[in-house]
Each structure stands twice: as C-alpha cells, then as structure tokens.
Amino acid sequence: MPGPRRDRPVVLLLLGALLAADLYFHLWPRARRELGRISPGCPCPAPLAAPRPPPSRTPRAAPALRRLFAHPLYRTAPPGPAEPLLGAREALRYYRRKAARWNRRHKLYREELNLTSPAAPLPLRPEASWLQFHLGISRDGLYPRSSPAVTRLLRDMRELPTISADYSQDEKALLGACDCSQIVKPSGVHLKLVLRFQDFGKAMFKPMRQKREEETPEDFFYFVDFQRHNAEIAAFHLDRILDFRRVPPTVGRLINVTKEILEVTKNEVLQSVFFVSPASNVCFFAKCPYMCKTEYAVCGNPHLLEGSLSAFLPSLNLAPRLSIPNPWIRSYSFDGKEEWEVNPHYCNTVREIYPYSNSNRLLNIVDMAIFDFLIGNMDRHHYEMFTKFGDDGFLLHLDNARGFGRHSHDEISILAPLSQCCIIKRTTLLRLQLLAEPEYRLSEVMRESLLQDPLAPVLTEPHLLALDRRLQLILDAVGKCIDTFGEATVVANDTTQPQSPAEHRARLDT
C-alpha cells in the first residue's frame, strides 16, 4: 500500500484558508445585508445630518496684486493725452514690407535646399499681439497699466511655434572679431538668440545658465557675472509693480532646442555649434573665440531648455533710440574707480551738464538706480530712450539678466544717484511707501505676480525677502535726504498730486 502523502495537510490548510476568506469577505457581508432588511428596526426615521452652517458672508481678501493695482496711486491718469510712439498706418505699411521680404527669402531658401513641399506665405495680421504692443507704446510708458495686448503677447511668446532663429545683431558683429584681451566680455559671451514666431513677432531668448538656488560667488566681478534668464523675467514683473513700465514684456518658456532653434535656423554658423553631449543632451555654444568650447555650452534635457523671452521693441527705422552712457557708470577694470565712487559731491558736476541740468532726466536716472538696487544689478553702463520723446522721455530698463545674483548682499553703491543727488519723484516715493506696508508688501506682491509665469517659481524665497529689506534701505536713504535738505527740496512733484497711502487708508476707514 502506498504511504501517506506528506503534502495532504498543506493542501487542507490552503483549502481552509480560502474557505475562510470567502466566508469573511463575501458570504458574511451579504448575510448582514439580508438580515438588516428583515430584522425589525427602529420605526423612527433616521436622524438627519446636522445642517451645514451657511457660508460666511465675509468677503474674501482680494489678491495682493489686484488690491495694489486698484489703489489710487495706480489709477491716476497721466497729466496729458498719451502721445503714441508710432503712427498706426506707417507702422503697418513698414511691417507688411518686412513680412513680404521674409516670405520671399524663405521661399528662396527652400528652393536652394530642393524642398518641394509647398509652403504658404505667412500673412501679417494687424491684430497680432506684438504689433498691438508696439502701437500701444506712448510717452507714458511701454504699455498702459491695463493692457490686453501685453497679456496676449505674454501668452503668444510662451505658446506660438518658432519659424526662425538667429544670432542677435551685436553677436553677428562679434563673429571673428572678438578681442580676448578685453576684461569686459561682449554680450556674445552670454549666447542670446533672436526667435521669430508664427505671427512674425520677435523675442530675445536668453537660456538658463545658473540654477535659481545658486548665488553669484562673492569673488566674482560684476562684469563677468552670469546672465540669468529668471532675472529677466522677475525684472519685468518688478518694473510693472513699481509702475515704471520701462521693461519690455518678458516671459519664461521651455524651448525645444532641436525643433525650435536648430531645425528652423538658416544661419550655418549657428547650426555648426550644436552637438550631443556624453549624457545624450542636445547642446550649443557661442561662436566667439574665447567661448568656442563645449564647457561653456548650454544644454537641453535632452532637448528642452529653460529660457526667458523678451519682446522686441519697434524697429530702429520706425522708432530711433539713443544709447547714452550712464553718468554713474562703473569702472570695468579690476582696480580702477570712477569719479562718483570717490567724490561724494559728484552730483553737483552732473547737474551742470545738459540735459541733467533742466529736465526730468536726473529724476529718471534715480528711478533707474532704485530699480537696479532692488534687483542687485551693478551692470547699468548705458541706458536707452526713444528720440521722439525728447529729453524728458522715459528711460528704457533693458538687459536686466545680471540682477538677482546675490540675495545675501545689498550693494548700497547702486543707490549713489539717490544718495548723492537727494531727489526723487513724489509718485515714486509714494509707491515705495505703499509697497512697504504690510497690506501691500513688495515680496508678497512679487511672489503672487511671478506665479503667473510658466517657469514659476521664478525666484527663491531669499530673493523675495531681500526685496523688502532693500526697499526699507531706499526709504531710509530718502529719509536722510529729507532730514538734511527738507522735503520740498528732495521730493519733486512730478505730476498732479495723488493720494498718499495714509490718505487712501483714511478714506477707506470712513
């Protein structure tokens, strides 16, 4: 007779476990439901759930940014009718000619490459956001306070496909002509590209070179600092919050460097600097001799690369601009110093020079210094302005990529125009005082504004908090000037008198 099977107890245990699981998870819940139906229950109806409290009628606090822009300081009308920079008819005629020229060149380029698939010419649409932005520039600023065109332009720059990519004009001038003996590297070092979109709008693309959490080393000179894409984005938002409106609209975007740059560029030099890294990432670098090395390249991951896109201003043929040396220009050498750095009375000399002697130019210089101090930009060697608006026109705050480098250091020397001249626009001072109040705190307003950008968070928290600290230093400097010279001398009444923050709060209280 065969002996007893040793695996029989194991089989019995397994069957028992399966039966128990079936009873517990299937048969017993079903039995409970059936018993619940036939068992006598309480004849009373089931107790009603406790009623929800009515929604609070206390209005939600409006977002800080909306409250700020609703303040009377941001709703005062300019002293006169807005004088536009461009005539609409002339601008449309000029840009139509440029679009037709681009279509002809693109057709010839495709024929040279023996591309047989037809490519329909791209039309110029008068309603294009970039064109409406150009037509909205006036003596009051680059755009009105409430500008649907700027909102659409920011959206288009982050969404529209690119149709061409090329070096900027200054970098084209540098190709083959770089002087490596210069201490100050030309702008080509930082690899700016001009991207054109499907609606014929153009933007300056600056790729990510430094991570947000990295600070500029304290041993770096300002003229060899990195250019940061997120600084360009943050500078636009801060400029709008200060109500200067002198920075072109700027937005962040993830660019596919293969499809949106390499495959659409016609520039053979730009095509030649693309390569694939050992990590299989697509990279490219500047062609200038001292930067023609792969270790200076920027790389996608593997194709996507963060960058900032700043809208182009109108063509110089339509709206000529002057580039003027900043009176408080720094010494771009390792050991030299400019006069303003050693002479505390330097502003007296500047006041004797036209146009700083009899126009708003000096007040605009102080505005620019305040803006640069807040972002930590020490590289404002020149400023530009539209010739049409004359000596009293606003200054353009361009090229802000060297800002937001060190949140742990406040470079007080940037405020030299304010501390040496002791003048400030009344409207500028009132807005700075408003942004120092808890209800409109600058860091909070900036944090909220930057969340609108696709690359948010744009700035790290230490950089946001540094704005509040630097704002207080500006107000302290103004306070010292007022204590020394009196408010009537220091505070220039640049427009019809708007309400102060305290007056506005008193009205709200009543």
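Biologist: Which helices each supply at least two residues of the lining of the largest cavity?

Modeller: Helix 12 and helix 13 do. A helix is a DSSP run of H or I, at least four residues, a strand a run of E, at least two, and both are numbered from the N terminus. A cavity is a set of points on a 1 Å grid over the protein atoms alone, where a 1.4 Å probe fits but cannot get out, and lining residues have an atom within 4 Å of a point. This is a predicted model, in which local features need pLDDT of at least 70, side-chain atom pairs count only at pLDDT 80 or more, and totals for chains, interfaces and linings use all residues. Residues are numbered from 1 along each chain as its sequence is written, and side-chain values use heavy atoms, without hydrogens and water.

Biologist: Which residues lie nearest the centre of the largest cavity?

Modeller: Asn326, Trp328, Asp372, Arg380 and Ile414, out of 18 lining residues. Helix 12 gives the most to this lining, with four residues. By class, ten lining residues are nonpolar, four polar and four charged. Asp, Glu, Lys and Arg count as charged; Ala, Val, Leu, Ile, Met, Phe, Trp, Tyr, Cys and Pro as nonpolar; the others, Gly among them, as polar.

Biologist: What lines the second largest cavity?

Modeller: Its lining includes Ser129, Trp130, Asp156, Phe197 and Lys202. Helix 5 (148-159) and helix 4 (129-135) each supply at least two residues. Helix 5 gives the most, with three. The lining divides into five nonpolar, two polar and three charged residues.

Biologist: Which members of the largest nonpolar core touch the most other members?

Modeller: Ile261, Phe284, Trp328, Phe386 and Met446, among 122 residues. Helix 12 (residues 361-375) gives the most to this core, with ten residues. A nonpolar core is a set of buried Ala, Val, Leu, Ile, Met, Phe, Trp, Tyr and Cys residues joined through side-chain atoms within 4.5 Å. Trp328 is in this core, and Trp328 also lines the largest cavity. Ile261 touches Leu193, Phe205, Phe274 and Phe284, among others, not counting residues up to four places away in sequence. Contact means heavy atoms within 4.5 Å.

Biologist: How many disulfides does the structure hold?

Modeller: Three. A disulfide is a pair of cysteine sulfur atoms within 2.5 Å. One joins Cys283 to Cys299, S to S 2.0 Å. The torsion about their S-S bond is about 105°, so this disulfide is right-handed. Cys283 sits in strand 6 (residues 282-284) and Cys299 in strand 7 (residues 298-299), 16 residues apart.

Biologist: Is Cys283 buried or exposed?

Modeller: Buried, at 0% relative accessibility. Cys299 is partly exposed, at 32%. Buried means under 20% relative accessible area, exposed over 50%, partly exposed in between (1.4 Å probe, protein chains only).

Biologist: Which cysteines make the other two links?

Modeller: Cys347 joins Cys421, S to S 1.9 Å. Cys347 lies in helix 11 (residues 346-351) and Cys421 in helix 13 (residues 416-421), so the pair ties together parts 74 residues apart in sequence. Both are buried. Cys422 and Cys481 form a disulfide with sulfur atoms 2.1 Å apart. That link is left-handed, with -70° about the S-S bond.

How values were computed:
1 Å grid on protein atoms, 1.4 Å probe; cavity = no way out; pocket = protein on both sides within 12 Å on 5 of 7 lines; lining within 4 Å.
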